[in-house]
Amino acid sequence: MRGDETPLRVVLVGFGPVGVRFAEELLPAVDAGRVALTIVGDEPDDPYNRVLLAEYATGHADRDGLRIADPRTLAGRGVRVLAGRAAARILREAREVELDDGMRVAYDRLVLATGADATVPRLDGLERAADGSLTHGVCALRTMADADRVRDVVASGGRVVVLGAGVLGIELALLLARAGADPQLAHFGPGPMPRSLDRGAASVLVGALERAGVSIVPHTRAEAILTRESADGRAFRALVSSDGRTIEGDLLVLSCGVRPRTALASDAGLRTARGILVDAELRSWSDPNVFAIGDVAHVADPSHHAHDRDVPGGPSGLVGPGWRQAERLARAFAGGEPAPLHDEPPGIVSLKADDIDVVAAGTVPGDPFAPVPRGEPAPEIAVWADPRHGTYVSIATTDGVLDGFAAVGMPRAAAELSLLYQRRAELPSDRSLLLRLDAADALVPRPAGRDETVCVCNAVTAGRVEDAVREDGCESVEEIAACTRAGTGCGGCRARIAEMLAEWQGQPA
Ligand SMILES: Cc1cc2nc3c(=O)[nH]c(=O)nc-3n(C[C@H](O)[C@H](O)[C@H](O)COP(=O)(O)OP(=O)(O)OC[C@H]3O[C@@H](n4cnc5c(N)ncnc54)[C@H](O)[C@@H]3O)c2cc1C
């Protein structure tokens, strides 16, 4: 409560995963009457875990499993939830937000958690209506409405073309293959995940994808779509690449990256770069009463970069850093000690897929045999490749410390490398020790160190999971998730948690 005993009026725009976490963390202050919270969210659905949309779209998860908040429960606790309505304008002088129906909501603090939109590439023949919808049979995978489109095609046995072989495109293609949708994964350039994988890792991954039932169409510079007449008007028939090849299907899913939704902020004169520019306290560079979190927030230090034309960094596009921002900001608004702002650990890219392990980080290791210009130090690169059995590791180091690595089909080596990378620790001089971790006779997992991060999304350590089991009496992965939040983001750590649980309970994993 402020000095005059009136609650602080907080307006949150955006009710995605990060907005939800902010609201949850602010609830005690709402309960105590210190904060009056209004949430404006433009999606018609109850908030859902966007991270699991591909699982839902392909029938591997149901809608209930994606639900992350119940607006009725929030309303019951005094939060005003304005769902299915968009914030259209910020009137900064008046400290009001105007909604698309003209209603105005006053604020003391405005929090923008407007997230990101899927990037739609320019393709001849592809039309975009005023409401943002694309030619029938073409969509991205960013919203529940997109996922429902994919789900309908999968259910009717249609063929899906996925354009873009970044992590999300590959994960979707694998799930489509599991659902029997005969996916074709078309991508630019020679190999998938070009920003993370070297040529060897990419080709071992391609082999694994093909074995899993994904057809790969490399070197696709997508130029146009062909359409057919359908009951819904013109509908997608084929993707055309610049060399004239056509890739036929019933649905085209665009997986070509995302763009933070900054228009609301920039129209109000707030400074933006890759996202809305905020300082370490998540406060807008341009207005002390406006904050941004999640996929739309570009955190940078104004004292260093205020005059830069190109401000370095940008939103991570990952849910974990957004959740930590939400927690930090809610705590600051509730009058608590603001949590110290830790630097996010250096990014590790991993594929969430049941039967293909791909993990990479840092500099993409180059060719160990590439000629070195005279006078330059030879790069320290080590490579292990067994394409026939789908395993590959490449490691780039300087003075024994990892600059980057790529690992396919070697989950334990990848876990160890991830740890060494994040700790900037020195590698064993005999690199082959790492390979032994995935050997058949080394199947028993090493006990995790207590400070090892198990759930990257929620930053939950092995120690916290162990306490949940030994002290809080959790007996299942679900109970651990409810107690610690571990496993409630992308879910990629659930198998590891089950393994740890089995080990502590003295059972086989
Ligand atoms: C298929 C898929 C898989 C993913 N997998 C992973 C993963 O494995 N790991 C990971 O870390 N991340 C993953 N992500 C990314 C993750 O989903 C995002 O980082 C996360 O959703 C960001 O949350 P957010 O709340 O900041 O933004 P968003 O989720 O984009 O939510 C923003 C919300 O604000 C609403 N909004 C925007 N403008 C307005 C307005 N003017 N008025 C009212 N409401 C508005 C939007 O409609 C939306 O509901 C994945 C994303 C997708 C699509």
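A residue counts as near a molecule or strand if its C-beta atom, placed from the backbone, lies within 6 Å of it. Among the 36 residues around the ligand, Gly14, Gly16, Val18, Gly115 and Gly294 come nearest. The model is predicted: local features need pLDDT of at least 70, side-chain atom pairs count only at pLDDT 80 or more, and totals for chains, interfaces and linings use all residues. Residues are numbered from 1 along each chain as its sequence is written.

The chain is assigned domain 1 (8-117 + 260-333), domain 2 (138-256), domain 3 (348-443) and domain 4 (445-509), with bounds from an automatic or database domain assignment. Domain 1 and domain 2 each contribute at least three residues to the shell around the ligand. Helix H1 (17-31), strand S2 (35-41), helix H2 (53-57) and helix H10 (319-333) each supply at least two residues of this shell; helices (H or I, at least four residues) and strands (E, at least two) are DSSP runs, numbered from the N terminus. The shell comprises 19 nonpolar, ten polar and seven charged residues, where Ala, Val, Leu, Ile, Met, Phe, Trp, Tyr, Cys and Pro count as nonpolar, Asp, Glu, Lys and Arg as charged, and the others, Gly among them, as polar.

The C-alpha centres of domain 1 and domain 3 are 37 Å apart. An open, antiparallel sheet is formed by five strands in the order S21-S22-S25-S24-S23, two strands being paired if DSSP finds at least two bridges between them. Its edge strands, S21 (348-350) and S23 (380-386), each pair on one side only. Strands S24 (residues 391-398) and S25 (residues 401-408) are joined in the antiparallel sense over seven bridges, and Ile395 has Phe405 in S25 as its bridge partner.
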